[in-house]
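Please keep the sequence and the structure in view while reading.

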Amino acid sequence: MSRSEELFERAKRVTPGGVHSPVRSFKSVGGSPVFVDSADGAQITDVDGNTYIDFCMAFGPLILGHNHPAVKAAVIKALNKGWSYGAAETASLRLAELITDNIDWVDSVRFVNSGTEAVMSALRLARAATGRDKILKFDGCYHGHTDAMLIRAGSGLAASAVTDSAGVPASVSQDTLVAPLDDEDSLEKIFSEQGKHIAAVIIEPVPANHGLLPQRHVFLEYLAKLCKANGALLIFDEIITGFRLTFGGFTQASGLRPDIVTWGKIIGGGFPVGAVAGRADLMNQFAPEGPVYQAGTLSANPVAMAAGYTTLEILMDGQVYTHLDELGHHLEVRMAEIPDVIVQRYDSLFWLVATGDKNTGVIRSKDRIPGDIAGRYAHLFQSALTTGIYLPPSPYEVGFLSAAHSRNNIDQLVDSLK
Ligand SMILES: *Cc1c(COP(=O)(O)O)cnc(C)c1O
């Protein structure tokens, strides 16, 4: 028995399923999860001394790679000044200014502790601002584990038979409407029936939690137009894409402008941070300025703020994005050599679709995902793992490239899959 296997047995005794977030259990790819001992750059080392090139990268926050020296130095510097005040401080001010100075459509930011919290607060804000209750989400988009969003979501839910979580009251779910992605007709129908009751539409503009399902620009444009015509707010959940596609995320790159944006992952540099951001007239409805309550004992924790600030500061000049584009392109080109695996890529995000049918075309919605990928992906994942490649441990989670990856790492991935 390996050390990882031993530890997993112990963990299962004291923690549900042995893990603190479901996908970590390897449930959908089989086998026992690797227990990580340390990580550096693009590499992780497990407790048995095996090393892997990491293409999961903590599910997105580590755009600069593991254990980045500048982020580490900033964290240590912050730690030396004490690590939590529960009071006004300058670390969050600096980060908020860095963001609002460089993203012109954002006036104001509120920091929270996770993406889930950011979405929860954004929905409350939208409901307060419109005086309406209903929220429209899309089938296959994941917005964290707040009750109202656990309906036809993705991420850890994508691989399980349970599409709705147990424990979500019907009274909550009845205010969540669900539309298919990539489908203007359904949107039009929902808006014509319910448009006057919809407080907000929330979408991952590049859905990346149930595979990677890139949307047509005209579809998103149409959605924005319907929102405007019906007085519903548009929320872009950029928890994965924010600061990853460009500094200003998908929003900056697309020219589309949501009313509210949610961020997470990269904004905390690998520490627990989320954020709600947008125009001043909306943001100022949050307490203490306005009537929408929102709070947190550890919110804007100075150590996490320092990690986020340093990460964003490094990203600002755009060099990392150029490197990531080159890597992504190289990955796409080389993956063409692998039979029976399609790669869908959006900048530094990639999704390996292990299907026998290579003629699927671009997959843009959940119902277009081939039915045979789960078992095939499990096989792919396990054989990659034995050759030192750590892929996302679910057929529906996307892979992440980071500044720490090299062309050589991509070649190792492709050779391993071969
Ligand atoms: C990760 C993610 C969330 C949830 O963030 P947590 O920090 O895990 O709570 C919400 N929305 C999207 C698009 C995400 O990728």
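## Helix 2 and helix 10

Helix 2 (residues 69-79) packs against helix 10 (residues 302-315) at an angle of about 150 degrees, and their axes are 8 Å apart. Helices here are DSSP runs (H or I, at least four residues), strands are runs of E of at least two, and both are numbered from the N terminus. Axes are lines fitted to C-alpha atoms, for helices over the stretch in contact, and angles run from 0 to 180 degrees between N-to-C directions. Helix 2 and helix 10 are therefore roughly antiparallel to each other (angles under 35 degrees count as roughly parallel, over 145 as roughly antiparallel, 65 to 115 as roughly perpendicular and the rest as oblique). The crossing of helix 2 with helix 10 is right-handed; a crossing is right-handed if the near helix is turned clockwise from the far one by less than a right angle, and left-handed if anticlockwise. Helix 2 contributes Ala70, Val71, Ala74, Val75, Ala78 and Leu79 to the contact, and helix 10 contributes Pro302, Val303, Ala306, Ala307, Thr310, Thr311 and Ile314 (contact means heavy atoms within 4.5 Å). Of the residues in this contact, eleven are nonpolar, two are polar and none is charged. Ala, Val, Leu, Ile, Met, Phe, Trp, Tyr, Cys and Pro count as nonpolar, Asp, Glu, Lys and Arg as charged, and the others, Gly among them, as polar.

The model is predicted: local features need pLDDT of at least 70, side-chain atom pairs count only at pLDDT 80 or more, and totals for chains, interfaces and linings use all residues. Residues are numbered from 1 along each chain as its sequence is written, and side-chain values use heavy atoms, with hydrogens and water left out.

## The two sides of helix 2

Which residues of helix 2 are buried? They are Val71, Ala74, Val75 and Ala78 (buried means under 20% relative accessible area, exposed over 50%, partly exposed in between, with a 1.4 Å probe and protein chains only). These residues lie on the same side of helix 2 because they cover an arc of only 100 degrees around the axis, where the arc is that of the directions from the helix axis to the C-beta atoms. An α-helix has 3.6 residues a turn, so residues three or four places apart point the same way.

Helix 10 is included in what covers the buried residues of helix 2. Exposed Pro69 and Lys77 are on the face of helix 2 turned away from its buried side. Leucine 79, also in helix 2, is partly exposed at 34% relative accessibility.

Helix 6 (residues 184-194) and helix 7 (residues 217-230) have axes that come within 10 Å and cross at roughly 10 degrees. That angle makes helix 6 roughly parallel to helix 7. Glu184, Leu187, Glu188 and Phe191 of helix 6 meet Val218, Phe219, Tyr222, Leu223, Leu226, Cys227 and Asn230 of helix 7. By class, this contact has eight nonpolar, one polar and two charged residues.

Helix 11 (residues 319-335) and helix 13 (residues 407-417) pack at about 25 degrees, with axes 10 Å apart, and are therefore roughly parallel to each other. Helix 11 passes helix 13 in a right-handed crossing. The residues in contact are Leu327, His330, Leu331, Arg334 and Met335 of helix 11, with Arg407, Ile410, Asp411, Leu413, Val414, Asp415 and Leu417 of helix 13. Seven of the residues in this contact are nonpolar, one is polar and four are charged.

## Two buried residues

Isoleucine 135 lies in strand 5 (residues 134-138) and is buried, with a relative accessible area of 0%. Not counting residues up to four places away in sequence, isoleucine 135 touches Leu123, Arg127, Met149, Asp175, Thr176, Leu177, Ala199, Ala200 and Ile202.

Threonine 360 sits in the loop between strand 12 (349-354) and helix 12 (373-386). Threonine 360 is buried, at 12% relative accessible area. Leaving aside neighbours within four places in sequence, threonine 360 is in contact with Ile342, Arg368 and Pro370.

## Backbone exceptions

Most residues other than glycine have a negative phi, and most peptide bonds are trans. Alanine 300 has a positive phi of about 55 degrees although it is not a glycine; this residue is in the loop between helix 9 and helix 10. Aspartate 347, not a glycine either, has a positive phi of about 50 degrees and is found in the loop between strand 11 (341-346) and strand 12.

Alanine 287 and proline 288 are joined by a cis peptide bond, with omega about 10 degrees. Proline 288 is in the loop between helix 9 (280-283) and helix 10.
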